[in-house]
Structure formats: structure tokens, C-alpha cells
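Welcome! Please take a moment to look over the molecule below before reading on.

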Amino acid sequence: MDQCLGAPMGEQPDLWQQNDLLGLMAPPPAGGGDVDHQPDPLPDARPTPAPVVAAPDPAPIAAPKLELPALAPRHQSPAKAAPEVLLIIDTETTGLDPSHGQCIEVGAVLFHVASRSLLAQVSFLLPASRNPAQHVNGIAAEVTQLPQPWQAGLSCFEAMLDQADAVLAHNVAFDRQWFGIGPLPPIAKPWICSMADIQWPADRHLRPTPSVRDLALAYGVPVWAAHRALTDCIYLVQVLERCVDLEELLAAAQEPRQLFRAKLSYAERHRAKEAGFRWNDPVAGAWSRRLSDREALALPFPVQPVEAA
């Protein structure tokens, strides 16, 4: 016990010296000098990448994508929707005017638009005593008089017509005039002209009023025959099968149309011709064409409705 008390007495100066040396050190910061609190610099050394998580960055990128669907209605200006089922028809006749000729062949195809599918087809001859247009369509009058079930073909045509929402022909002004005459029934359903009403895509490099042949070739459809009713219908079917934007084209084709005349000088008449206007037909002494109001506004030259001329 004595040894334990005596020994530390000689070491006391050393302990005081240690205290004095500690006193020379910088005072601890306010709030205590605990070693446990000395990692204060850590908050100041926060890694700079931490706030750059940049949560707002995806927002500006995603916003345009969300707005894209809203752009679709701007292109769907037509009030009518595309027909679900089309009856594609073509006729062969003995002349250009029903008052001096007759229809001798009818071809028709029932076509489902959404699936791009051919549902049914029919073709039949109508008896004729003569055919001045044999050099065009290759149908001899004698052939039309051979025994054949044309009445059954006509009944099939009428059944297909009942199933259709609209009728499509490549030259409606010509084909429509033969219906309601003789055995052919009148057609009260909407007509769509694939030559004049449908604005085919510019990348097909077609004239404003293309022929069936030019239209088929523009879509990669081989042309192997011409001037038979069902053949021309099949060409149109194969064109429609290849149209990615068919519904949009058909909807636009159903917009109300009226005759417009081009307001161009004689020196600029080529501009009207290039836009599909026809001289002297049907408006005498003028370049005219049937257009919707939207199509008329899109022209690069002024036009005037024929009724207001």
C-alpha cells in the first residue's frame, strides 16, 4: 500500500506537464471537443454527384411522347370515318353514253378494309346485240349471247352491294351512270372515286388523276391484262392491300366536294393541268376539278367555286 502511494508522487510533475502541453493545443470547437463530433467536415465534403440525380431530366423527354397521340385528330379532318366494307366495281360498255350504248359486263369485289381482305367476287356478261367498243374491251357481242347464268351473277352482285358501306370505282363519273338502267339496280350508297377523290401519297409519284395501270405499277402490282371488268377490280384490290394509310385516304375521300375553276392566266394554264384540272370538261372554257374545301385551300394558286363564278 505504501509503495503504491509513494511511486506516483514522483510522477506527478510529468502528469502536469502533459496537462500543460494539452493546454497549448487549439481549443475544441464550440459544442464540445469530443472526438466523436470531429467528423464535422464530412457534410462540407458531400459528393457533388449526389444532387445531380436530375429527376426532372426525364420529364422534358417524356412530355412530347405523351402529346404525340393528340396530333392524330389534326390529320383526321374528315367528318366521316372510313367505310368498313367496300364494293369495288368496274363496268365494260358498248359506248361512252348510256343513251347510245349499254353495259355488257360487270365486275365486283367485296373488300374488308381493316383486314385488307377480299371477301367475295363476281363477274358476268349482259347480253348485247352489238358492241362497237369491241376493239377496246375485246368482248364480242356473240359471246354475250351465249348461255350463261348472268341473272344469278346479278343476284350475287346485289347481295354483295347490300353488305357494302360504300362503292369504289376508278372512274365514278363513268361507271355510276350505267346503274339504274335495264337490269342493273340503282346504287344509293356513297361512291368513292379512286381516280379523283383519293389523294394518293406523293412518294408514289402519280399524276393527280392516275389510270388504273399507273396506280397498279406505282404500288408494285404487275399489270398483265386490261379492259376487263373483274381484272381492273383485282388491280384495285391489290393496290388497297398495299396501302398502309388506307383508312385515312378513304376517310378524306368522303369529304364533300364541288367543282372549282382555276383562276390562272393563259400563260399559267400548265399549273392547273399539273394539279389535275381538266380544260373545258365539265365547265366550258375553264380549267375545273372537283375538290373538297380543304383540298382547294391547299392549292398553290387561287380557285373559285363554279356556282359563284
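The report below looks at some backbone details and then at salt bridges.

## Backbone details

Keep in mind that this is a predicted model. Pro-282 sits in the loop between β7 (278-279) and β8 (287-291).

Asn-280 is found in the loop between β7 and β8 too. Its phi is positive, near 65°, although Asn-280 is a residue other than glycine. Asn-280 is partly exposed, at 43% relative accessibility. Another non-glycine residue with a positive phi is His-205, at about 55°. You can find His-205 in the loop between β5 (191-193) and α9 (212-218), where this residue is exposed, with a relative accessible area of 70%.

## Salt bridges

Across the whole structure, a search finds 11 salt bridges. One of them joins Glu-295 and Arg-257, at 2.5 Å from N to O. Glu-295 belongs to helix α13 (residues 293-298) and Arg-257 to the loop between α11 (246-253) and β6 (258-262), so this pair ties together parts that are 38 residues apart in sequence. Glu-295 is buried, with a relative accessible area of 9%, and Arg-257 is buried as well, at 15%. A network of salt bridges links Asp-197, Arg-257, Arg-290 and Glu-295.

Asp-281 is partly exposed, at 36% relative accessible area. Glu-268 and Arg-271 also meet in a salt bridge, at 3.3 Å; Glu-268 is partly exposed at 31%, and Arg-271 is partly exposed at 27%.

Methods:
Residues are numbered from 1 along each chain as its sequence is written. This is a predicted model: local features need pLDDT of at least 70, side-chain atom pairs count only at pLDDT 80 or more; totals for chains, interfaces and linings use all residues. Side-chain values use heavy atoms; hydrogens and water are left out. Helices (H or I, at least four residues) and strands (E, at least two) are DSSP runs, numbered from the N terminus. Buried means under 20% relative accessible area, exposed over 50%, partly exposed in between (1.4 Å probe, protein chains only). A salt bridge is a side-chain nitrogen of Lys or Arg within 4 Å of a carboxyl oxygen of Asp or Glu.
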